[in-house]
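Student: Could we go through this structure together, one question at a time?

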Amino acid sequence: MVAVVTAARAVAVFAAARPSSPISPLTRHSTFRFRTLSCSSEPSRKLILYSKPGCCLCDGLKEKLHAAFLLSGPDSLTDVHLQVRDITSNPEWESAYQYEIPVLAKVLSDGTEKTLPRLSPRLGVLHVQKKIAAALREQ
């Protein structure tokens, strides 16, 4: 599932797709692309969130990420492509991340992934945005 929305409509799209049952569009393998109307090229910054259904930490991080993508400013994440992967749908992901989720990784220019440091569930949305923006700037 791929959803392309403007930052202004992202809240409505996210609210409509919120899980009402343990298995929903947000808990399966999903891709969300947030961008402004003036952005016409493919996003250059990519993140992958490894999660699984019924994980309250995963759901909390998803909500904070979506809120952080809506914030503007110097650390804006509106051009970030976020892919949510359900680890239960792939034995390799489940083996690698079953005790670590939620795991956030950035996709490097060569296509490899680099796991980002775990974000505290207590961080506010603004701090999540700043930490992710800083991690995406690092090589």
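This is a predicted model: local features need pLDDT of at least 70, side-chain atom pairs count only at pLDDT 80 or more; totals for chains, interfaces and linings use all residues.

Student: In which element of the protein chain is confidence highest?

Tutor: Start with pLDDT, the predictor's confidence in each residue, from 0 to 100. Its mean over the protein chain is 77, and 69% of the residues reach 70 or more. The lowest mean, 35, belongs to strand β1 (residues 2-6), whereas the highest, 96, belongs to helix α3 (residues 91-97).

Student: Within what arc do the buried residues of α2 fall?

Tutor: Helices (H or I, at least four residues) and strands (E, at least two) are DSSP runs, numbered from the N terminus. The buried residues (under 20% relative accessible area, 1.4 Å probe, protein chains only) of α2 are Cys58, Leu61, Lys62, Leu65, His66, Ala68 and Phe69. They line one face of the helix, because the arc, taken from the directions from the helix axis to the C-beta atoms, is 160 degrees.

Student: Is Gln129 buried or exposed?

Tutor: Gln129 lies in helix α4 (residues 125-137). Its contacts (heavy atoms within 4.5 Å), not counting residues up to four places away in sequence, are Ala68, Leu71, Ser72, Asp75, Ser76 and Leu77. With a relative accessible area of 2%, Gln129 is buried.

Student: Which elements are among those that cover the buried residues of α4?

Tutor: Those residues are Val128, Gln129, Ile132, Ala133, Ala135 and Leu136. They cover an arc of only 160 degrees around the axis, so they sit on the same side of α4. The cover includes β3 (45-51), α2, β4 (80-86) and β5.

Student: Which element gives the largest share of the lining of the largest pocket?

Tutor: A pocket here is an open set of points on a 1 Å grid over the protein atoms alone, where a 1.4 Å probe fits, with protein on both sides within 12 Å along at least five of seven lines; lining residues have an atom within 4 Å of a point. The largest pocket holds about 280 Å³ of space, and of its 17 lining residues, Leu61, Pro102, Arg118, Leu119 and Ser120 lie nearest its centre. The elements giving two or more residues to that lining are α2 and β5 (103-107). The largest share, five residues, comes from α2.

How values were computed:
Residues are numbered from 1 along each chain as its sequence is written. Side-chain values use heavy atoms; hydrogens and water are left out. Buried means under 20% relative accessible area, exposed over 50%, partly exposed in between (1.4 Å probe, protein chains only). Grid points are joined across faces, edges and corners, and a volume is the space filled by probe spheres set on the points.
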